[in-house]
Amino acid sequence: MAASFANTQVSGKVANRQVAQGRVAPFRATGVRKTAGTQIPSFYFAGVSVHQRVIAVSGARSVSRAVQTVFAVKDGAVLEGRKLRVAVIGGGPSGACAAETLAKGGVETFLIERKLDNCKPCGGAIPLCMVEEFDLPLEIIDRKVTKMKMISPSNREVDVGKTLSETEWIGMCRREVFDDYLRKRAEKLGASVLNGLFMRSEQQGTDGPFTIHYTSFADGSKMGTPATLEVDMIIGADGANSRIAKEIDAGEYDYAIAFQERIRIPEDKMKYYENLAEMYVGDDVSPDFYGWVFPKYDHVAVGTGTVVNKTAIKQYQQATRDRSKVKTEGGKIIRVEAHPIPEHPRPRRCKGRVALVGDAAGYVTKCSGEGIYFAAKSGRMCAEAIVEGSANGTKMAGEDAIRVYLDKWDRKYWATYKVLDILQKVFYRSNPAREAFVELCEDSYVQKMTFDSYLYKTVVPGNPLDDVKLLVRTVSSLIRSNALRSANSKSVNVSFGSKANEERVATA
Amino acid sequence: MQSALLNRTRGAAFKATRPNACSRSVVVVRATAETVVEKKERRLSPLERGGTLSGDQAAGKDAGEKARAMATGSTGAATFLQIVDGRFVDDRWIGGRWDLNQFKDSKGEVDWDKVIDAEVARRKLLEESPIPSINEDPVNFDTSEIPWWAWVRRFHLPEAEKLNGRAAMMGYVLALFVDSLTGAGLLEQQESFLGKLALHICVFAILLVRTSSDLDKYKGLIDEATFYDKQWNATWDGVKRPSEAESQ
């Protein structure tokens, strides 16, 4: 980040000619206001007027200039002659929604995505409120799931979804279709979508612009060509293995490994899964998560995940396949995929003018492992905060604006995350706890509360009397299930605190 | 003379065994077993005498299921807690629930302890060898079918007895100890504030700390309850939230 001012290497598409003419030329020629004559705009930096000039060199030749000036702009200073430039690294739901909101707000946006047809391993479930909030067309939704089945370790099945009205459903979509739609929409609104892989970034001083080095695949080659981009702010939306997070030293987080097999099953079996998803709980399937069978557009995805015992993920997958064996008989595996899922936010979600959103920030809920809605919403909220802080792209925005987004996010969704965390800690502890969980889900009050909070993303306080009854029922269910646990049971107890993964699992 | 008499008797006895046709005016002496029997009452066989009970009164005194099956020669008529072909089979498990009629004891009331035992065994079996979930074989048994007092009697009372015993022993020893130190009798001890406090601490400690691993468990719980909050607030280390800064 401490690039020496005398030796700035900038390679790009801007020709020498423009420099010779003394015109101010930002890296991309869009949105440039041509200055009259040879007037060079100046800014006040630390009280001293500083001349601003971008020195651009074509090709890969590095030229060191004797006079290189600092291109530093303080937060809140008015940007003359150009709009605020923001690069969004990663074009998934969080990146695309951030880019869309930025572009709508008048900020010059670059969206860098490495694989435009990426078929992301994902459950693919989106809540009802997302369709409304993000104006999603119903075409991108493959299936509307209206029934969820929860299956306990002793195969007790409970139909969750009795309380859903006819207009309520969980949407299942294909990530490649979904992501593509959002990116195209961002592009239509004015964001520039660049096909490239982010390599590294450098910042010229604490208030200077970022130089992003990326490998551009615009020419269609597999290897790509190195390219650079100069921007004022960066939003890291590049997912669970975020490079931006590494760059800003955001810290590590615990993550689950989710493993999924896509299986094409015969028509009659597919009919059963037409609008039904299944959740298998038990410590054969996962010690601290659940196994699932989710219907996709013409096949089902059978998978499971775990945090504490990642090396045994294949065993858990086999157990999930076994539990759903009869219902998915005669199927053919068409794809095997795995991906990390963050368990909690990173210790530092922003640094200077770099913000993290979505999976890169770690916004995945516990218990259900839901991430798409929160990714998209965080991208949007971050972009909104930047648009507001920069007064629609006319002023420089910085960490203060990003922290406004972080604060708003925490205050709005903390309750949702905490409730799901409590549910996980209480009901994913052991097999008896899971049996109690399934038993409790039979009740329609529980189902209504669960779906209301999932579909509309608000923790609605119900009738206090019903809540007390539910509490009593929860406690009695847990007591009964634990009493029914055999004295020499070999099942495990999992705790969810700060201990290392190996120490969190203990036999009963 | 005596031998002649003996001979004759012998001879008569011998003649008695011969068919009538070959005797010449001989008194046929038949040997008959004389028992005092009444027409209506048959004498009981050895298996039915000597304190043998029958019917309802003998219920529950049979040998175990397997032994009975072997003795009567019936093969596999009784299946208990088995997994056959990926399905859970048990004679008492009908329609996805325990058939409570088969758990009735001699008085005709459901023996809930046996139901609890059966369910514990079923869960353990399925834990060790999970079976696929089959739509045609739903599980309909809900543990709330077992009445609350069965749970209390089976699980709570033994534990309660143990804890009450501990409390009584601790109470007595502590009372003696305090009495020897301060000379205050049992009633006087309870009237002081410290006495009441000590009483409460003692009782709650006995209730909450039952095994030596409980202390670690509670520490772990406090850590678990606060860990997620810490992770979320990590990004605000040393930085004030805008909403807080505003309100100040």
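The second largest cavity has a volume of about 120 Å³. A cavity here is a set of points on a 1 Å grid over the protein atoms alone, where a 1.4 Å probe fits but cannot get out. The volume is the space filled by probe spheres set on the points, which are joined across faces, edges and corners. Lining residues have an atom within 4 Å of a point. Of the 14 lining residues, the closest to the centre are A:Asn431, A:Glu435, B:Arg123, B:Lys124 and B:Glu127. Two elements give two or more residues to this lining: helix 10 (431-441) of chain A and helix 3 (112-128) of chain B. Helix 3 of chain B gives the most, with 4 residues. In total, there are 8 cavities of 30 Å³ or more.

This is a predicted model, in which local features need pLDDT of at least 70, side-chain atom pairs count only at pLDDT 80 or more, and totals for chains, interfaces and linings use all residues. Residues are numbered from 1 along each chain as its sequence is written, chains are lettered from A and ligands numbered from 1 in the order in which they are written, and side-chain values use heavy atoms, without hydrogens and water.

Now chain B as a whole. Helices (H or I, at least four residues) and strands (E, at least two) are DSSP runs, numbered from the N terminus. From that end, the elements of chain B run α-α-β-β-β-β-α-α-α-α-α-α.

| Property of chain B | Value |
|---|---|
| Helices | 8 helices |
| Strands | 4 strands |
| Accessible surface (Shrake-Rupley method, 1.4 Å probe) | about 18,600 Å² |
| Surface belonging to carbon and sulfur atoms | 58% |

Chain B also carries a nonpolar surface patch of about 740 Å². Such a patch joins nonpolar side chains within 5 Å, from residues with over 30% relative accessible area and no salt bridge (a side-chain nitrogen of Lys or Arg within 4 Å of a carboxyl oxygen of Asp or Glu). Helix 6 (193-208) and helix 7 (214-233) each give two or more residues. Helix 6 gives the most, with 5 residues. B:Phe204 lies in helix 6.

A:Arg156 sits in the loop between strand 9 (147-151) and strand 10 (157-160) of chain A. A:Arg156 is buried, with a relative accessible area of 7%. Its contacts (heavy atoms within 4.5 Å) include B:Val139, B:Phe141 and B:Asp142.

Terms used
Buried means under 20% relative accessible area, exposed over 50%, partly exposed in between (1.4 Å probe, protein chains only). Patches are made of residues with over 30% relative accessible area and no salt bridge: like charges are joined within 9 Å, nonpolar side chains (Val, Leu, Ile, Met, Phe, Trp, Tyr) within 5 Å. On a 1 Å grid over the protein atoms alone, a cavity is a set of points where a 1.4 Å probe fits but cannot get out, and a pocket is an open set with protein on both sides within 12 Å along at least five of seven lines; lining residues have an atom within 4 Å of a point. Lists of a residue's contacts leave out its neighbours within four places in sequence.
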